[in-house]
Amino acid sequence: MEKIMTFTDRLFQNVQPIWEKNHNHPFVQELGKGTLDKDKFIHYMKQDYVYLIDYAKLFSIGVTKATNLETMQKFSQVLHDTLHFEMELHRQFAAEFGITNEELEATKPTPVNVAYTSYMLTAAHNGSLAEVVACLLPCAWDYWEIGKLLRKQYGDTLASNPYRKWVETYDSETFGEGAKALIQLMDELAEGKPERELAVLEKHFQMTSKYEYLFWDMNYYKQDWPI
């Protein structure tokens with residue numbers, strides 16, 4: 001029996017040209033090989049830390065827009081995982097690379113970082129619960145895809161990779177379960193919606209996927225405010 005295409009199947013299929021560029025970006029590939037310049041990774045760690053603070057706020061918005069307790073619990077769980085699992089990874093990594101918690105907290109977001117989080121927060125505040133999820137999903141889903149990809153590509157040299165913990169975190173079952181929960185929720189929220197609303201959701205998904213590329217690029221070239 002032929003499998004019926006879900007909305008996230010459609011999202012996944014249509015976003016491949018963007019995600020392939022993300023996966024082949026030199027930052028991602030050098031991260032997997034373990035050859036990424038340390039200063040570039042430190043720039044990334046600082047920017048991703050302040051990004052995650054705004055990213056976490058999106059789950060709080062999701063809680064307020066949820067129409068039932070079960071959905072509220074789902075958002076609450078992912079919020080907890082982001083604040084206590086993913087951000088703790090950053091603090092641990094920061095210590096290993098000589099970055100203090102105070103330095104992380106003092107980091108100012110770059111123009112790309114501001115644009116990315118502002119886009120998501122604006123869509124979340126003004127849109128539906130489904131729009132919140134459509135904005136959130138690429139970060140969680142594509143990081144999981146990247147974790148799996150880098151494990152597959154460079155698993156045999158991972159033991160000596162200075163970024164091994166990063167790859168193992170995003171390839172982990174814990175992180176994967178969080179991504180799968182959001183994928184399932186996206187399909188539930190898209191169920192029965194007319195094409196005009198689905199098109200808006202896909203626009204958010206594609207746009208934030210493009211911002212993911214810009215985020216890798218910004219960190220690879222250590223871009224900051226020019227003035």
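1. The model is predicted, so to speak of local features a pLDDT of at least 70 is needed, side-chain atom pairs count only at pLDDT 80 or more, and totals for chains, interfaces and linings use all residues. Residues are numbered from 1 along each chain as its sequence is written, and side-chain values use heavy atoms, with hydrogens and water left out.

2. The structure holds 30 aromatic pairs (rings of Phe, Tyr and Trp, the last by its six-membered ring, with centres within 6.5 Å; planes under 30 degrees apart count as stacked, over 60 as edge-to-face and the rest as tilted). Trp19 and Trp141 form an edge-to-face pair, with 5.4 Å centre to centre and 80 degrees between the planes. This pair links distant parts of the chain, as Trp19 lies in helix 1 (residues 7–23) and Trp141, 122 residues apart from it, in helix 7 (residues 129–154); helices are DSSP runs of H or I with at least four residues, numbered from the N terminus. Trp19 and Trp141 are both buried (under 20% relative accessible area, with a 1.4 Å probe and protein chains only).

3. Phe97 and Tyr163 form a stacked pair, at 5.9 Å centre to centre and 5 degrees between the planes, and both residues are buried. Phe97 and Tyr163 also belong to one aromatic cluster, whose members include Phe93, Trp166 and Trp216.

4. Lys40 lies over the face of Tyr220, at 3.5 Å from the ring centre, and Lys148 lies over the face of Trp144, at 3.7 Å from the ring centre (for Lys, NZ within 6 Å of the ring centre and within 35 degrees of the ring normal).

Conventions:
Helices (H or I, at least four residues) and strands (E, at least two) are DSSP runs, numbered from the N terminus. Buried means under 20% relative accessible area, exposed over 50%, partly exposed in between (1.4 Å probe, protein chains only).
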